[in-house]
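These notebook entries record what I looked up, in the order in which I looked it up. The sequence and the structure are shown first.

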Amino acid sequence: MDHPDPSTAGLPVQAPKQTLPARWVPLPRGLRWQSTLAAVAVVAGALLAGGLLLLVTLESDLVAGTDSFLRTKVQDVAALIQSQDAEEASIAVAATAKKDPLVQIVDGTGNVIGASEPRLMTTPLSPLRPAAGQSATDKATAPALLGDGDERYLVVLGVNDEGSKYWVLAGRTIQPQADTVRIVTWFLLVAVPVLLGVVAWSVHFLVGRSLRRVERIRTQVSRIGAGRLSQRVDVPATGDELQALAATMNSMLGRIDEADQRQRQFVSDASHELRGPITTLRTGLEIAGSDPGGGTWRDMSPVLAEQTRRLQGLVEDLLTLSKADDQGLSVRREEVDVDDVLAAELRRLKATSRHRLAADLVPAKVLGDAVRLGQAFRNVLDNADRHAARTVSVNLWASVQAVVVTIDDDGPPVPVADRERIFGRFVRLDESRSRQQGGSGLGLAITLGIVEAHGGRVTATESPQGWCRFEISLPPLVTVHSPADVRRRKP
């Protein structure tokens, strides 16, 4: 039984160390380093493949030239053997007395009977013995015979002369070719790393310079807060994607700034409009509550009811505009008789208006929401009734291109400079009169949202007789080619 070491008593037992498995070193996450590594890898692969192809092609071309030369040489000697005899051919070969190319004639017993170099008379350069008319290639070195260590490329051709077998061997040094391939190899080994270094530095520098512009844009955008939306980023005059990115960023910031200003103005106007009826309701309730007899409550009841209806209308209008802003305005898609919807709104207005109403309607159909279209017509009709002097005129006509509703009143036309602004929220060209007559400044803005949700458009213009005109144009469902072909109706 083992006894514990008293010197280690009471000390915590340490677990044996575990060797963690080796992990791959993660690649740098920066775009600059990733681009550099990718470029180096691609260029290295291309250079490696190109270098190998170059070396193989170079060596093949150099050897092919030597092979062609030697084949011509052995064929010439073979022709000489067959035309005369081996002895005459041997004398002719010996007369060349050259070390390059080397030529040997070997007889059927394996003896050298002729050579271009006396020292080659002892031993054949190659043991290859192809059949008559066939050739073979070999490589050999002959340091003992010639006193050098050059490697030679050999071509051996078999010859048959009247039953006697001979072989003609021709060899030529390939040392220059080998030296050339070696030089090119060393050049590639030295040049490729240098070129890769240049590529890596160039990509790292160029990508870094581009990313510095991106980082500058990012920094500038990060400094733009809710209260500094009017600021813009610098647009580099580079004529590339960075310039387009900066321009797009500024365009986006401009839209955000414009939307923020509209929202702020909308909140300010909405709070201002809501403050009036809420204050009236609160004050009326306080006054009525302080009268124990209840007489003040009966007197204030119509005022409070009117302010409640006004407040309710404002809230509903604000909700409608909010849905239109969020692309959430509920518009059903069904066949709608525009003349019926417009006639119903004209009957409603005729019951309450002090002005003369004139209408000329033709049957027309559109694809849309009858309730929403009625709301749009009602807003424009109420606006015309508020500003008319004596007469409100409504016309509905249809063509192949559109169903058009014109609502005219004999009041002054909207000034040209205000014909787009009039469809903004809480816009009143006559502030005191509109507020006194109950206009909230939201009706035309709601009409614009409803008409645009139906794929149409609404404009403020002037009628031929100089009256104020609002024109609503909607895509037709059933076209009417001529108003004379249909039955006109009046509300």
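**Entry 1: two helices**

In which hand, left or right, does H7 pass H8 in their crossing? I note at the outset that I am working with a predicted model. I found that the crossing of H7 past H8 is right-handed.

I then looked up the geometry. Helix H7 covers residues 338-352, and its axis comes within 9 Å of that of H8, at a crossing angle of roughly 40 degrees. An angle under 35 degrees would count as roughly parallel and one of 65 to 115 as roughly perpendicular; H7 and H8 are therefore oblique to each other.

Next I listed the residues in contact. H7 contributes Val338, Val341, Leu342, Glu345, Leu346, Arg348 and Leu349. From H8 I noted Ala370, Leu373, Gly374, Phe377, Arg378, Leu381, Asp382 and Asp385. Sorted by class, the contact of H7 with H8 comprises nine nonpolar residues, five charged and one polar.

**Entry 2: the sheet**

I turned to the strands. Five of them form an open sheet with mixed pairing, and I read their order as S7-S9-S10-S12-S11. Strand S7 (356-360) and strand S11 (457-462) each have a single partner strand, so one side of each is left without a neighbour in the sheet. On average, neighbouring strands of this sheet are turned by 15 degrees against each other, direction ignored.

I followed one pair in detail. Strand S12, residues 468-474, pairs with S11 in the antiparallel sense, over six bridges. Within this pair I located Val458, which stands opposite Ile472 in S12.

**Entry 3: helices on the sheet**

Which strands does helix H10 touch? I found that H10, residues 443-453, packs on the sheet and touches S11 and S12. The direction of H10 makes about 25 degrees with that of S12.

I also returned to H8, which spans residues 370-387. H8 lies across strand S9 (391-398), strand S10 (403-409) and S12, and runs at about 25 degrees to S10.

**Entry 4: one residue**

Is Val106 buried or exposed? I located Val106 in strand S1, residues 102-107. Its relative accessibility is 0%, and buried means under 20%, so Val106 counts as buried.

Leaving aside residues up to four places away in sequence, I recorded that Val106 touches Asn111, Val112, Pro124, Arg129, Lys165, Tyr166, Trp167 and Leu169. I also looked up Met121, 15 residues from Val106 along the chain; the C-alpha atoms of the two are separated by 9.4 Å.

Notes
Residues are numbered from 1 along each chain as its sequence is written. This is a predicted model: local features need pLDDT of at least 70, side-chain atom pairs count only at pLDDT 80 or more; totals for chains, interfaces and linings use all residues. Side-chain values use heavy atoms; hydrogens and water are left out. Two strands pair if DSSP finds at least two bridges between them. Helices (H or I, at least four residues) and strands (E, at least two) are DSSP runs, numbered from the N terminus. Axes are lines fitted to C-alpha atoms, for helices over the stretch in contact, and angles run from 0 to 180 degrees between N-to-C directions. Contact means heavy atoms within 4.5 Å. Angles under 35 degrees count as roughly parallel, over 145 as roughly antiparallel, 65 to 115 as roughly perpendicular and the rest as oblique. A crossing is left-handed if the near helix is turned anticlockwise from the far one by less than a right angle, and right-handed if clockwise. Ala, Val, Leu, Ile, Met, Phe, Trp, Tyr, Cys and Pro count as nonpolar, Asp, Glu, Lys and Arg as charged, and the others, Gly among them, as polar. Buried means under 20% relative accessible area, exposed over 50%, partly exposed in between (1.4 Å probe, protein chains only).
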